[in-house]
Amino acid sequence: MKPLKDAQLGAFTFFASALPHDVCGSNGLPLTPNSIKILGRFQILKTISHPRLCQYVDISRGKHERLIVVSEHYASSLSGFKQGHIISPEKLLQIAYGVLEGLEFMNKNGLVHRALSAHNVLMDYKGNVKLAKFGLYHMTDHGADVDFPIGYPSYLSPEVIAQGSFHPSDPSHDEAPLPSGPKTDVWSLGVLLFELCAGRRLWQKFDISEKLKFILTLGCMDDIVTVLAEEHGCLETIKDLPNNVLELLRKCLTFLPSKRPTPAELLGDPLFNGISFQRTPFQQPVSLFSSSLRCAHLELPDDISDLCKDDDEDYLSERGIDEVYHLWCLAGGDLEKELTNKGIIQSKPPICTLPNFVLEDGESFGQGRDRSFLLDDTTVTLSLCQLRNRLKDVAGEAYYPLLEDEQSSLPQSNSSNELSATVTLPLIIRERDTEYQLIRIILFDRLLKSYPYKKNLVWKEARVDIPPLVRGLTWAALLGIEGDIQAKYESIDKDTPIPTDRQIEVDIPRCHQYDELLSSPQGHIKFRRVLKAWVVSHPDLVYWQALAYACMSAFIPKYLYNFFLKDNSHVIQEYLTVFSQVIAFHDPELSNHLNEIGFIPDLYAIPWFLTMFTHVFPLHKIFHLWDTLLLGNSSFPFCIGVAILQQLRDRLLANGFNECILLFSDLPEIDIERCVRESINLFRWTPKSATYRQHAQPTKVPGDNGFGKTATYFSSDYQGMPKTDLSREPLALCDLKAEVSPRISAEDLIDLCELSLAGPSKRNKAGKPKIVAVDIRSVEDFGRGHISGSINIPFNTVFSPDGELVQCPATGALQNYRGRVIVVISHVMKSATMFAAHLVKVSFQRVCVLDGGINKLKPTGLLTVPSPQI
Amino acid sequence: MATRDPVLAMKKSKAKANSAAEKEFVFEFRAGKHNCVLKVPLQFPVQLNISDLHGRLMLLHKIPCYIESDLKTSLSNFIEKETSLDYDRGAELALQRLTMGDIDVNQLTSAWSRSYVETTLEHALPEEPSRAEDFADVYHELIHSPASDTLLNLEHNYFVSISELISERDMEIKKLQERQTTEMDKVMHELGNTLSDQDVNAVASQHFDAQQILENKWTSELQQVTEIQKQEYQEWVIKLHQDLQKPSNSSIINEEIKVQSRQLTEAADSGTRMFEEQPQLEESFTIHLGAQLKTMHNLRLVRADVLDFCKHRRHGSSGAKLRRLQTALLLYSSSLCGLVLLVDNRVNSYSGIKRDFATVAKECTDFHFPCLEEQLEEVQQVLLLARVQRSSKQKDQPENRKNGGDDKSKTVERNPSNIVPGEFYISRHSNLSEVHVVFHLCVDDNVRSGSITARDPAIMGLRNILKVCCTHDITTITVPLLLVHDMSEEMTIPWCLKRAELVFKCVKGFMMEMASWDGGISRTVQFLVPKSISEEMFYQLSNMLPQIFRVSSTLTLTSRH
């Protein structure tokens, strides 16, 4: 979003009209409240940026269908020019030109202002025009979702008046008037310009219906401008105007819409010749993901130091409006309080407005109309004092961190000592900390601007945390999205009916409907488009839709490869079996219990993995979970699953089958931060190959990623590694199901035990799990060659035939290694898995089996023979 | 090669008939030696995203990529031009209708002016100052200041004087009755000897008249005292507020208040009539609602009399004053307390629970709202008005409510001033101990039967009550769980369990619905069961509750190894 500069933040409020009692939609679901519809339609307005328009920033929903809109705001408007003061013709033309530029841009985006009036044309300090409230007509669905008419009586064009006002409480008009076209704004502009010329308001002494009647009678007049001038006694002033101004007035105040020019036509009119050449046409800034060169229009001045000239120490105003607003909220800004202080929101005590009597169908009577529900569309300036005060200690350098040196840690300034202390605080607190968020947002903003060049740094910083404001783009960056996704998205057929439509139609109203955005019809429409696009273009991928689409399509292959195939049962089966093995690996006690009561993952975990947990958690938790999920590899979901189970551990252990089913059917609150922390921990302990799946996404073609990820141990995918004969081999599903503990590949074992032939391992040991190899072959076999560092515990010495642990020195040794990863090595896989199963039974943690047994290792020449007799 | 877009052709049938028109977009281009024509029927006004449409056309008709941008410009130009023409046509049609006289100019402009006057502050009629609201502001401010103690004590003093009057009245009536009984006994004794049946009747009617006169006397006296108290109180509050406004003497007044309050408390302590505290059975639960985003609410199961929530206890009894203060603090706030009272179909206070409630409501002067009788009168007027509006609406659209509407209208025709089950009226009170708003929900004998369903009017009434709670910030609501205030023979244990399950489940559903209306504000719902149910039954019900609602898990703090 464009920087704040000298603008202010303004807020105004209005009520959406209440729904009639107990009416259901055509699908049988309750109707969406009007305020939510408006909120959904508002979203597109946030993306409309033009120098002649006041940028919309945010909308928020209050109690009882109240909406508060936040936008760019300026203190001075054209209504300040009133009464007696007459503007020079040049200035007048410039204003008209500015307004027309704004209108034309709006029309291009399919918007009509409709509420153009003197106090909605604001002026910045350079005297440039800024149109305010331009989106009101759009967001209220041409006025259908609010009780009040949009527009001001004096500025309404004749055709708008003729089409009638739609008043919901009036049953005689049940059809809404047609939406107004762009030309209505031209009439309003004409009235506005006339007022500026005459130096007085029109029809000030008339009441509303007289005003409107007068406007309608203008149709019979030949020269509307003269008639108006005569009526208001300013014929002389009008007559003295230069010809081009008079011409402009005449063109704007044309009674018949078909003869009236559109804003675009007026802009091209020769009467603006003197002005149009001074203005450079507006260019839409290039977005992050586009095919065109982002630096194509970048022009550096000859002298670089010119750039640093206008240094007025106000760094905050160089930040984007949305960032400033976000920080304002963090610094304790409260919209409703601001508006209440200014007297815009007045509320009566609710006990005074209760109805007397309510019918069976919910219609209430005896309740007077509450005056506080009337529209007062005054815009209130939000004071940034508190925010500036809060940020006064932030040094100027913090606003422009240097990213060049990848080795240096966080860009640090002197004041950031406390910031590094903040990093250790819980995430929820960090997300509410104004200074911390400022620094993070600036950092991410810069990193993302240099995406994909700085992709590695984005990964690194995302591991610390992701500021909520830039989450969308950051996710996109983490998923490695590139190219002109908007164009790609557009080229996908999203409208042709397809068989899955019905399913999508049914599913959408079930998705996180408590969230205002997702429950608005606009949200539904966009969501539907994204889903359809996915379905249609399956074999291969915004604002928020294009981006969401790109993210989804990058995301799904990574984590849920093949999950959506038609016959997905064996894929899911495999997934779940691996999951239960992972449970056994990390928490044998729990796994024993769950197996005992027959509570298998099929019963609860399918929706977890199919939806990557979005089905079970509210959005704000999902955000945090996914922040981490996107950083891990495809086996990370297992760890999250285990972490969730561990949180419920006590209850699961205490309960039988029925209680467990009940518990999961209505999942209790999960502490998501703990969950994330624990799953990261679990992830560290899990050898990569333990979660090997046959049906995972096949290896990417190398070089697919131009800027290759940092191939750290934890982020690279097991599946992404080149296949060697030491890797794991696919296993039939039934065999897989029979095994309790996961298998790991010989490769992993070598890696973890640092058995590499090629000298010391290149990675340091710090981040790796501690491991112990347990060789269960007979002593003789062990003597003939084994892995260095492994201990020998022959199978039959440890376990009695019925699976009890026998007391002997070997078991003592084994007990000492509790907590480490235990790799069971054997000749025959069967005995190894059995041994592992027994170990799990007696609650040994982190037991796994070497895939292929000792035979796999033989060719590597890593086996050592102990020197005899020492 | 001429291609026609199949998708849009299909969509044509679905499109709405009104004002929608189909136009054909024609685009010609050369592909090698061929002259190609692309014809696309488009529905106006265009709802589609032009870029999407363009992308689909490119894909579906396999249009060569070198004309991609040409197609895009010509498509958007076409749509722009046609849309603009449509706007002009619509606008001029409207203007034409006006000049032709199809629409009356005066009607049109007055409709406009009405919608401005009714919805915008700028054009709205100035508001006449309302005494009640001013008083509300003043009171709300005072009760949240150090003066609150004084206010409460004053209120309590008034209460004491009223209850003294009432006990005096009760005493006198009792005396009269005793005297009359003895007299009657004497007369009966003489019956047959010196006195005839006629004499006995005469004495009886005489007694009755005497009683009436006495009661009337007391009623008028009470009413008078109440009026005086109310006026005194309001004047005093306004004056106190004015005094406090002056900064200079606010501290002095604070001192005065303190002194005064001490005296008042002492006076209050010497009260005579005491309500004995009866042991209530109650159990509280904290629950979570919602599948993904959970909202937390409090539920309470209470075994008590419904009027226990209304009756005042004397100062001195534990917590009574705090409860009083709590109620007063919340009176004009946005977290009110409500109570559901089950009444019959007449709007008055002559019999049964209505009479008992009226007695309780009269025990203490209402300093803020009109007394119960006045409120009920107002309800009756509004009710008649509502009936008139409803019947005129039904005449307008007779086919609309055919099913079920017939038998309902019959009941209404019988007596329009009666209400039907599921309807309720609302009274406001500042003088009850724990309640600000009382919902008088009409039920019939049907609720005593065991066979009511979730579609029963009484249940729908509950839903509407919860909806009003939502729109008017009533955050605590007390609901009779069994939909009766007193137990009777036919209410067996299975009956109770079935009824409780139904109400629990319905209320759960309504609460989830409410969460979508108001964004999930935390609420307290108290389920009330009659005093006469057994302790065992109570615990059965309290076991049932956590099975229906998801009780939030207790936070277990265990040290991890």
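Start by selecting B:His54: setting aside neighbours within four places in sequence, this residue is in contact with B:Leu71, B:Lys72 and B:Leu75. Keep in mind as you look around that this is a predicted model.

**Stop 1: around B:His54**

Colour residues 50–60 of chain B, and you will have helix α2, the helix that holds B:His54. Is B:His54 buried or exposed? B:His54 is buried, because 21 other C-beta atoms lie within 10 Å and 20 or more is what counts as buried. Now draw a distance from B:His54 to B:Leu75: 21 residues separate them in sequence, yet C-alpha to C-alpha they are 7.8 Å apart.

**Stop 2: a hairpin in chain B**

Next, select residues 21–31 and 34–44 of chain B, which are strands β2 and β3. These two strands pair in the antiparallel sense over 11 bridges. At one point along the pair, B:Ala31 stands opposite B:His34 in β3(B). The hairpin has two residues between its strands, and B:Gly32 takes a positive phi near 65 degrees there.

**Stop 3: two partners for one strand**

Stay in chain B and highlight strand β5, residues 295–303. Strand β4 (residues 281–289) runs antiparallel to β5(B), and nine bridges join them. To find one of these bridges, click on B:Ile287, whose partner in β5(B) is B:His297. As a reminder, strands of a sheet pair through backbone hydrogen bonds, either parallel or antiparallel.

**Stop 4: two crossing helices**

Select helix α5 (residues 131–143) and helix α7 (residues 197–245) of chain B. At what angle do they pack? The angle is about 65 degrees, with the axes 10 Å apart, and the crossing is left-handed. To see the contact itself, show B:Phe135, B:Val138, B:Tyr139, B:Glu141 and B:Leu142 on α5(B), and B:Gln234, B:Val237, B:Ile238, B:Leu240 and B:His241 on α7(B). Coloured by type, the residues of this contact divide into seven nonpolar, two polar and one charged.

**Stop 5: where the chains touch**

Zoom out to show both chains. Here 63 residues of chain A are in contact with 74 residues of chain B. On the side of chain A that touches chain B, the elements giving two or more residues are α4 (158–163), α6 (208–217) and β7 (357–358). That side of chain A is made up of 29 nonpolar, 17 polar and 17 charged residues.

Now zoom in on β7(A). β7(A) pairs with strand β7 of chain B (residues 424–428) in the antiparallel sense over two bridges. Select A:Phe357 and you can find its bridge partner in β7(B), B:Tyr425.

**Stop 6: a sheet in chain A**

Chain A has 39 helices and 16 strands, and of its 870 residues 41% count as buried. Pick out its open sheet of four strands, with the order β2-β3-β1-β9 and antiparallel pairing. Which strands stand at the edges? They are β2 (56–61) and β9 (380–382); each has a single partner strand, so one side of each is left without a neighbour in the sheet. From one strand to the next, the twist averages 30 degrees.

Follow β2(A) to strand β3 (residues 66–73) of chain A, with which it pairs over five antiparallel bridges. A:Asp58 stands opposite A:Val70 in β3(A).

Helix α1 (residues 34–46) of chain A lies across β2 and β3, running at about 165 degrees to β2(A). Helix α12 (residues 321–330) of chain A lies across β1 (8–15), β2, β3 and β9, and runs at about 35 degrees to β2(A).

**Stop 7: the nonpolar cores**

For the last stop, select A:Ala11, A:Ala96, A:Val99, A:Leu192, A:Leu193 and A:Trp328, the residues with the most contacts inside the largest nonpolar core, which has 120 residues. Helix α2 (residues 89–108) of chain A gives the most to this core, with 10 residues. Beyond its neighbours within four places in sequence, A:Val99 is in contact with A:Val121, A:Val129, A:Leu131 and A:Leu189. Apart from this core lies another, of 86 residues, including B:Val237, B:Val347, B:Tyr425 and B:Val438.

Technical notes
Residues numbered from 1 in each chain as written. Chains lettered and ligands numbered in written order. Predicted model: local features only at pLDDT ≥ 70, side-chain atom pairs only at ≥ 80, totals over all residues. Buried ≥ 20, exposed ≤ 12 C-beta atoms within 10 Å, placed from the backbone. Contact = placed C-beta atoms within 7 Å. Nonpolar A, V, L, I, M, F, W, Y, C, P; charged D, E, K, R; others polar. Pairing = 2+ DSSP bridges. Axes fitted to C-alpha atoms, helices over the stretch in contact; angles between N-to-C directions. Left-handed = near helix turned anticlockwise from the far one by under 90°. Core = buried A, V, L, I, M, F, W, Y, C linked by C-beta atoms within 7 Å.
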